[in-house]
Amino acid sequence: RHAMCRLTAYVGPEIPLDRLIFGGDHSLLKQSYAAQELRSGTVNVDGYGIAWFPAANPVRIAEARPVWHDPDLGPVLSSIEGPVALAAVRSATPGIPVDRNAVAPILHDRWAFALNGFVWDFRTSAMRSMRQDLPDHLYAALSGVSDTETLFLTAVTALERGASLADGLRHAFDASLAAAAQGGVAAQLNLAITDGEGVAFTRGSNGPDPNSLYWTSESSVAPGGTLVASEPLTPEDPWAPVPEGHVISLRMGEAPVIEPI
C-alpha cells in the first residue's frame, strides 16, 4: 500500500477553519473514507492535521487517528478564522511509523508543510542520501524517519537562503527525484508549503501517473478566496486540474501562478 493522503489549502479573506476539513459535499472528512482519486489504497485514516497562523509562526492540531475520532474538532475550528491554512488526512506509507510526528502538516520555524505521496522504501532507498545534505541545524531538527519531514527540511534549506515558496519546493522535488533515481524507487511528489502569506504546491512524480491536484477561486466553501485540494471539495463548482509537472503559487491578493517545476 502506497501513501496517498488528501490535502487542502486556502488563501484569501478570513474564513472559519472548519471549512477546510468539513466544508463541501466532498469534504476532506469524506475523502478520509470515500476518496475518489486514490492511486492505491482505499482510506486515509492514519492521521489528520491542520495548520494556521495566529502570528508569524504557525500552530497546528494533529493526531495519528481518523479525523472523525475527535468530536470537538469541528466546533473548535469553527471558532477560529484565518486567511491562510493547510490541512491533511493521512494514509501512512509502509515503513513510516504511524505516529504524530509523521502526521502532516508538520512545522518548522515559520513554515508548515505536507506531502501527498512518498519516496518508496524511503528508509533504505533515500533517507541517508537526502539527510546527509541537510545543514547541521536542520539535521538536528529531525524528530523521526519520515519522508515528509526530510523533504520539508530539504525545502527549508533553500527557503533559509531566500528562495520563494515555489523554489523551495523545486529544490525538495529535484532532490527527491535524484534520490529516488539513485535508489531505483518510485516517487510521488505532490508537495505543499505555506508561510502564512501564501501557499505553493507541486504536482509530479517520476512515473506516468502523478497524484491528483485541483484548484478553484470560485468555491462556495470559501467565497472570495482560492482553494487547492487533492480532490474537489465542491463538485458543483468549477475546479481546474494543476498540470502534471507544474507548481501552483498562491499569494494574498494575487492571481494564482502556475508554472513548470
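Helices (H or I, at least four residues) and strands (E, at least two) are DSSP runs, numbered from the N terminus. I am working on a predicted model, where local features need pLDDT of at least 70, side-chain atom pairs count only at pLDDT 80 or more, and totals for chains, interfaces and linings use all residues. Residues are numbered from 1 along each chain as its sequence is written, and side-chain values use heavy atoms, with hydrogens and water left out.

**Pocket**

I looked up the largest pocket: its volume is about 160 Å³. A pocket here is an open set of points on a 1 Å grid over the protein atoms alone, where a 1.4 Å probe fits, with protein on both sides within 12 Å along at least five of seven lines; lining residues have an atom within 4 Å of a point. The volume is the space filled by probe spheres set on the points.

Which helix gives the largest share of the lining? H8 does, with five residues. Helices H5 (127-131), H7 (147-159) and H8 (165-183) each supply at least two. I noted Asp-133, His-171 and Gln-182 among the lining residues.

**Sheet**

I then traced an open, antiparallel sheet of six strands, ordered S5-S6-S7-S8-S12-S13. S5 (106-108) and S13 (257-260) are at the edges with a single partner strand each, so one side of each has no neighbour in the sheet. Strands pair if DSSP finds at least two bridges between them. S5 and S6 (111-119) pair over three bridges. Ile-106 has Phe-113 in S6 as its bridge partner.
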